[in-house]
Amino acid sequence: MTPRVAIIGGGISGLSTAYYLHKAGIPSTIIESRPRLGGVIETITVEGCTLEAGPDSFLSVKPAAMELIRELGLADQVIGSNDHLRKTYVWKGGRLVALPDGLMMMVPTRILPLVTTGLLSWSTKFRMGFELLRAPQPRPGDESVAEFVEEHYGAEAVDYLAEPLLSGIYGGNPRELSVTSVLPRFVELANQYGSLTRGVLAERAKAAQRSNGAAQAAPLFRTLKGGLGQMTGAVQQAMAGSVEVETARAQCVERTASGYRIRLESGWLECDHVVVACEAHSAASLLAPVDARLAELLGMVPYSSSMTVAVGFDTADFRTVPDGFGFLVPRKERNRLVACTWVGTKFSHRVPDGKLVARCFLGGRDDASILEESDEAVTASVIEELRRIAGVTAAPRFVRIFRWPRSMAQYSVGHPQRLAEIEARSGALAGLSLAGNAYQGIGIPDCIRMGKAAAAKIAAPAVN
């Protein structure tokens, strides 16, 4: 008998679940409160410029996104980041200073760029150099990213490397984020080698030996020519006919003799399996009638709010086109702007000749209130900071603002222990699966992987 499956949440996690169920011949119902599917993935076009409202790409090293894209027949639409142009600046002391070459996140792997950079003081440079002599000192339990980085490289490396880099990814504070969850490979290398720098260099040497120069390195980021909305659109098209979409807000989930029922405004929806693929804070209220402790744990996952602002210009209005991928603004130097990407430099096919687009990031754990401000106030703030930091004096052709309240999960200290209990309790509830960015990774490939795993869990008994 074909199981009845309900998926709460129509973002990429829920869509991936529905897609892989469709491939297994199992229909499903997606319950989504927004008038469209895709979650934070949304692509629009303005004056020929491809604008991403949410994420603009995914990491090449994680395979799930490319696997899905190939299955959808979109492999010929994939483009990589222009890594030969990749240079990122950090705002410090009233000027933009380039991140030194050879950094892997905040780990230095080349001596000369580290010695010559104006981003760090000599005391920090010496500390980073002597870190190579560090012996293994395994530390039990979890700690914050800031504690981990400061232990290896000092406080300045936290303030001007770790904090701005992670703010652009998580919108979070490294003093709150779990190093075991956010930088697990770095923890493993530090435990093995003592020196994090020595561990990264050893791993790079092994990778070079394995490849033996045979294959060209993949770009750091990948995306689609027409934007990531191509992928979510293709998913919906591929499973048309086997997936029903209920545009409604789920109010609660309850156990029944045969499975579960979900309360909607229009009544109850009965199902054998339910996949909760929404934010953990929403999942907490939904699942309270099913398992109070599970709901409590889900409610403990913090979230940050974010905003992206796309500002379009004519390049003729610039004396000099901005250099590199963009810039980061550390918390110690920050007003409202967290980071800015020059879209046409990072990716080809996104911005036509004669145009320039600045993709600006605001909000995060420290400035969620900006989402409540008017478009006019936000625009004025962004334009002023682009002028002050990047010297942009041109009048914008267009501005588009996208608000994402409580959308980015924060893996705070203790997340591995919370996750273990969440997985144990949810795993003990037959017919219930969780998916989304609150658990095993915040990126698009992570969410696709979890959606695929949820579908496989449902499909296995159906096949047997």
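**Entry 1: aromatic rings**

I take helices (H or I, at least four residues) from DSSP runs, numbered from the N terminus. The model is predicted, so I note that local features need pLDDT of at least 70, side-chain atom pairs count only at pLDDT 80 or more, and totals for chains, interfaces and linings use all residues. Residues are numbered from 1 along each chain as its sequence is written, and side-chain values use heavy atoms, with hydrogens and water left out.

How many aromatic pairs are there? I found five, where rings of Phe, Tyr and Trp (its six-membered ring) pair if their centres lie within 6.5 Å, and planes under 30 degrees apart count as stacked, over 60 as edge-to-face and the rest as tilted. The rings of W122 and F126 have centres 6.0 Å apart and planes at 40°, so I logged this pair as tilted. For Y19 and Y20 the centres are 5.0 Å apart and the planes at 80°, so that pair is edge-to-face. Both Y19 and Y20 are buried (under 20% relative accessible area; exposed is over 50%, partly exposed in between; 1.4 Å probe, protein chains only).

**Entry 2: helix α1 against helix α10**

Y19 turned up again in α1, where I12, L15, Y19 and H22 meet M231, T232, V235, Q236 and A238 of α10; contact means heavy atoms within 4.5 Å.

Helix α1 (residues 12-23) and helix α10 (residues 229-238) pack at about 35°, and their axes are 10 Å apart. Axes are lines fitted to C-alpha atoms over the stretch in contact, and angles run from 0 to 180 degrees between N-to-C directions. The crossing is left-handed, meaning the near helix is turned anticlockwise from the far one by less than a right angle.

**Entry 3: helix α11**

Six of the eight residues of α11 (residues 280-287) are buried, so the rest of the structure largely encloses this helix. I listed the buried ones as A280, H281, A283, A284, L286 and L287.

**Entry 4: cysteines**

I counted zero disulfides, taking a disulfide as a pair of cysteine sulfur atoms within 2.5 Å. C271 is in none; its nearest cysteine sulfur, that of C252, is 12 Å away. C447 is in none either, and the nearest cysteine sulfur, that of C278, is 12 Å away. C271 is buried, at 2% relative accessible area, and C447 is buried at 7%.

Technical notes:
Helix = DSSP H or I, 4+ residues; strand = E, 2+ residues; numbered from the N terminus.
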